[in-house]
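Q: I would like to learn how to read a model like this. Can we go through it together, feature by feature?

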Amino acid sequence: MAKATDKVRVWDLPLRLFHWTLVIAIAIAFLSSEEESVLNQWHVLAGWVVAVLIAFRCVWGFVGGEHSRFSDFIRPVRIADHISGLLRGKSEASLGHNPLGAVAVLILLALAAATVWTGAFGGEGAEEFHEIIAWTLLAMVGIHVAAVIIMSAMERESLIRAMISGYKPAPRHPGAANARPPNLFGWAIAILTVAGSILLILRYDPQAFTPRSAEAFEHRAEGTSRPSVSDEGSEHEN
Ligand code: HEM
Ligand code: HEM
C-alpha cells in the first residue's frame, strides 16, 4: 500500500517550464497590448517567446516524457465516458491530462498559435482578427483555470501543485508508476527545435527579441525592404 507521503512522478521539467513561461509570456503580451501602455515595447517580444514555446510544445508532444506525449492524452473515445462520470459526480483522478482536459489543452495551444500568427504575419489587415482571437484565448484561459480549480476539488488533489513540483500523491493513484522520463534523443530534438525556431524568427524579424513598440514592428519593413537601408540611399536609386 502506498504511504500518505509517497509520490508518483507525472510532469517532466521541460513541460512545467513550458507551462509557467507560457503563462508569464501571455500575461505580458496582454498587459502590454495597448499602444498607450508603458509596457508596449514588450508586446511583440513576449509574443515571439510564445511562438518559440508553441514550437517546443508541438515537438515535445512526440518526444517528451510519458504524460507530455499527445498519444498519452488524446483519446477521443474516452471523452463521453469521462463526461458521464462527471455528471454523476464521479471523477476518476487521471495521472496525466484527463480526456476532457486534453481537449482544452489543444484549444489553448491552437488559440495561442493563431494569436501569434495573426500578430506576426497578418499585417495591418489582421489587426482586428488578432485582437478578437487574443480575447477568445483569454476567455479560454479563464475556463481553463476554473476547470483546474474545480477538478482539483473533485479529485481531492491539487493539480496546480503537480504542475509546479511534477509529482502527484501516490495514494490517490493506486498502482501508478512513475512517468517515463524524456530520453536524450528527446532533449536533443527539443533543444534543436528551440534554437531553430529562434533562428527562423530572427530571419523574419531581426529585432524580434529587442524591446520596441508594436508600431515599430508594424513599420519595420519601411526603409529595409531595399538593399540600401537609409532613405537617402533609396532616393539616389530613383
Ligand atoms: C499570445 C500572444 C499575443 C497576445 C495575447 C496578443 C494580444 C494583443 C491584443 C489584445 C492587441 C490589441 C491591443 C489594442 O487594444 O489595441 C494586440 C495588438 C497588437 N499585437 Fe499582439 N498579441 C500577441 C502576440 C503578438 C505577436 C507575436 C505580434 C507580432 C510579432 C503581435 C503584434 C501586435 C501588434 C503590431 C499590435 C498592434 C496592432 C493593433 O493596433 O491592434 N502580437 N495584441
Ligand atoms: C495564459 C494562461 C495559461 C495558459 C495559456 C495555459 C495553458 C495550459 C496548457 C497548454 C496546459 C497543458 C500542458 C501541456 O501538456 O502542454 C495547461 C495545463 C495546466 N495548467 Fe495552464 N495555462 C494558463 C494558466 C494557468 C494558470 C493561471 C494555472 C493555475 C492557476 C494553470 C494551471 C494548470 C494546470 C494545473 C495544468 C495541468 C492540468 C492537468 O492536470 O491536466 N494554468 N495549461
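A: We take the fold, then the core, then the ligands.
This is a predicted model, in which local features need pLDDT of at least 70, side-chain atom pairs count only at pLDDT 80 or more, and totals for chains, interfaces and linings use all residues. Residues are numbered from 1 along each chain as its sequence is written, while chains are lettered from A and ligands numbered from 1 in the order in which they are written.

Q: How many helices and strands does the chain have?
A: Helices (H or I, at least four residues) and strands (E, at least two) are DSSP runs, numbered from the N terminus. Here there are ten helices and two strands. Along the sequence they run β-α-α-α-α-α-α-α-β-α-α-α. The C-alpha atoms fill a box of roughly 80 × 40 × 35 Å along the principal axes.

Q: What share of the residues is buried?
A: Count the other C-beta atoms, placed from the backbone, within 10 Å of a residue's own: 20 or more is buried, 12 or fewer exposed, in between partly exposed. Of the 238 residues in the chain, 22% are buried.

Q: Is L13 buried or exposed?
A: L13 lies in helix α1. L13 counts as exposed because it has 11 C-beta neighbours inside 10 Å. From L13 to W117 is 104 residues in sequence and 27 Å in space, C-alpha to C-alpha.

Q: Which residues have the most contacts inside the largest nonpolar core?
A: A nonpolar core is a set of buried Ala, Val, Leu, Ile, Met, Phe, Trp, Tyr and Cys residues joined through C-beta atoms within 7 Å. The largest has 32 residues, and A25, V49, V50 and L53 have the most contacts inside it. Two or more residues come from each of α1, α2 (43-63), α5, α6 and α7. α2 gives the most, ten residues.

Q: What is V50 in contact with, beyond its neighbours within four places in sequence?
A: Contact means C-beta atoms, placed from the backbone, within 7 Å. V50 is in contact with L22, A25, I26, A29, A112 and V116.

Q: Which residues are closest to ligand 2?
A: A shell residue has its C-beta atom, placed from the backbone, within 6 Å of the molecule. For ligand 2 there are 20, the closest being I26, H97, V105, L159 and M163. α1 (13-31), α5 (99-121), α6 (127-155) and α7 (159-165) each supply at least two.

Q: And which are closest to ligand 1?
A: Ligand 1 has 24 residues around it, with S33, G47, G119, A120 and A134 the closest. Elements giving two or more are α1, α2, α5, α6 and α9 (214-218).

Methods. Two residues are in contact if their C-beta atoms, placed from the backbone, lie within 7 Å.
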